[in-house]
Amino acid sequence: MKSSTATLRVAADLKYLAAIRHFFEQTAAALRADKEAMLDLMQALDECACNIIVHGYQDGLGEIRVEVWCEGERLLVRLSDQAPPFDPTQAPTPDTTLPLDMRPMGGMGIHLSRHLTDAMIYRRTGNGGNELTLIKTAIPPQTSEEANHAGDR
Amino acid sequence: MQVIVDKLHSHVPVTVLRIHGDLDGSNYQDLIAKAREVCAAGARHLLLDMSNMPYMSSAGLVALHSVAVLARGEEPSSPEHGWAAFHAVSRDSSGKQTRVKLLNPQPRVDRTLQTTGMREFFEVFTDLPTALDSFKAE
């Protein structure tokens with residue numbers, strides 16, 4: 001069962017990264033998410049939002065929409081933007097067999113996001129935007145049913 | 001995020017940068033700017049106190065990389081150029097560079113350091129006296 005969805009819209013500006021994290025943390029807490037799993041998903045959200053602002057909009061004008069909800073034991077957060085197409089799920093994985101000195105530092109945010117989530121799903125929307133959904137098992141089984149109704153209260 | 005600077009002395013002068021708050025994409029350049037400021041004033045041994053830094057994103061890794069290069073007296077290059085800037089950074093026999101060390105990274109920050117391989121470059125301490133004592137004259 002799916003909970004109601006909490007939504008935040010912010011300008012694509014790095015100064016709002018803390019606000020995005022705070023919004024997600026508060027919403028996940030209301031859904032009774034496990035704290036460690038919630039923090040994993042929060043970092044992935046932060047990394048992806050930062051990439052959209054810096055590499056997507058390239059620090060220009062734009063908006064990011066953040067939606068948070070849960071489905072059963074899964075906590076989901078979706079980032080939507082109108083920046084040029086970019087699918088982070090197709091970004092190359094850093095070659096961890098390379099000596100450390102030779103690894104690129106770029107791409108660490110996506111690498112961390114993959115590491116911290118169960119799944120990342122990208123979709124190019126009909127109106128030319130990007131939609132990235134990050135998923136993590138984060139709702140304890142005994143509270144998932146209650147959490148799915150949390151938005152109703 | 002705020003950075004408070006303390007100048008302490010052990011075997012050598014050590015500049016402690018105490019980071020308060022989250023280190024993310026919005027403020028990592030503030031940490032680099034502070035490191036640039038103290039290095040321009042002559043600091044060569046830096047201890048980053050992470051006791052009060054609950055969160056660090058990958059942007060913070062770029063800041064750590066840059067601080068280590070600045071402590072060598074050089075200007076950091078673009079992060080896209082990779083970790084090669086560490087090649088010539090003075091290191092001890094364990095492969096860790098010796099001029100910038102970390103104090104008390106919180107569990108989640110430590111995990112980010114480990115996941116990205118960044119922890120291999122830094123000596124990490126949990127108490128200030130031991131950290132200060134570890135800096136030696138080169």
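Student: In which sense do β1(A) and strand β2 of chain A pair, and over how many bridges?

Tutor: This is a predicted model. In it, β2 of chain A covers residues 63–71, and A:Thr7 stands opposite A:Glu67 in that strand. The pairing of β1(A) with β2 is antiparallel, and the number of bridges is 6.

Student: Which strands are the edge strands of the open sheet in chain A?

Tutor: The open sheet has 5 strands with antiparallel pairing, in the order β1-β2-β3-β5-β4. An edge strand pairs on one side only, and this holds for the strands β1 (6–11) and β4 (119–124) of chain A. From one strand to the next, the twist averages 15°.

Student: At about what angle does α2(A) run to β5(A)?

Tutor: The helix α2(A) lies across β2, β3 (74–81), β4 and β5 (130–137) of chain A. Angles are taken between N-to-C directions on a scale from 0 to 180 degrees. For α2(A) and β5(A), the angle is about 165°.

Student: Are A:Cys48 and A:Cys50 buried or exposed?

Tutor: A residue counts as buried when its relative accessible area is under 20%. For A:Cys48 the value is 6%, and for A:Cys50 it is 14%. Because these values are under the cut-off of 20%, A:Cys48 is buried, and A:Cys50 is likewise buried.

Student: What is the phi of A:Arg32, and where is this residue found?

Tutor: Most residues other than glycine have a negative phi. A:Arg32 is a residue other than glycine with a positive value. The phi of A:Arg32 is near 60°.

Student: Which loop of chain B holds B:Asn104?

Tutor: B:Asn104 has a positive phi, near 55°, although it is a residue other than glycine. With a relative accessibility of 25%, B:Asn104 counts as partly exposed. The loop that holds B:Asn104 lies between β4 (100–103) and α3 (107–115) of chain B.

Student: Why does B:His45 count as buried?

Tutor: B:His45 is in the loop between α1 (28–40) and β3 (46–52) of chain B. Among the residues that B:His45 touches are B:Val12, B:Pro13, B:Thr98 and B:Phe135. The cut-off for a buried residue is under 20% relative accessible area. B:His45 counts as buried because its relative accessibility is 10%.

Student: How many helices and strands does chain B have, and in which order do these elements run?

Tutor: Chain B has 4 helices and 5 strands. Read from the N terminus on, the order is β-β-α-β-α-β-α-β-α.

Student: What percentage of the residues in chain B is buried?

Tutor: The accessible surface of chain B comes to about 5,700 Å², and carbon and sulfur atoms account for 49% of that surface. Of the contacts in chain B with a separation of 6 or more, 65% join residues 24 or more positions apart. Among the 138 residues of chain B, the buried share is 54%.

How values were computed: Residues are numbered from 1 along each chain as its sequence is written. Chains are lettered from A and ligands numbered from 1 in the order in which they are written. This is a predicted model: local features need pLDDT of at least 70, side-chain atom pairs count only at pLDDT 80 or more; totals for chains, interfaces and linings use all residues. Side-chain values use heavy atoms; hydrogens and water are left out. Helices (H or I, at least four residues) and strands (E, at least two) are DSSP runs, numbered from the N terminus. Buried means under 20% relative accessible area, exposed over 50%, partly exposed in between (1.4 Å probe, protein chains only). Contact means heavy atoms within 4.5 Å. Accessible areas come from the Shrake-Rupley method with a 1.4 Å probe; for residues, only the protein chains shown count as cover. Two strands pair if DSSP finds at least two bridges between them. Lists of a residue's contacts leave out its neighbours within four places in sequence.
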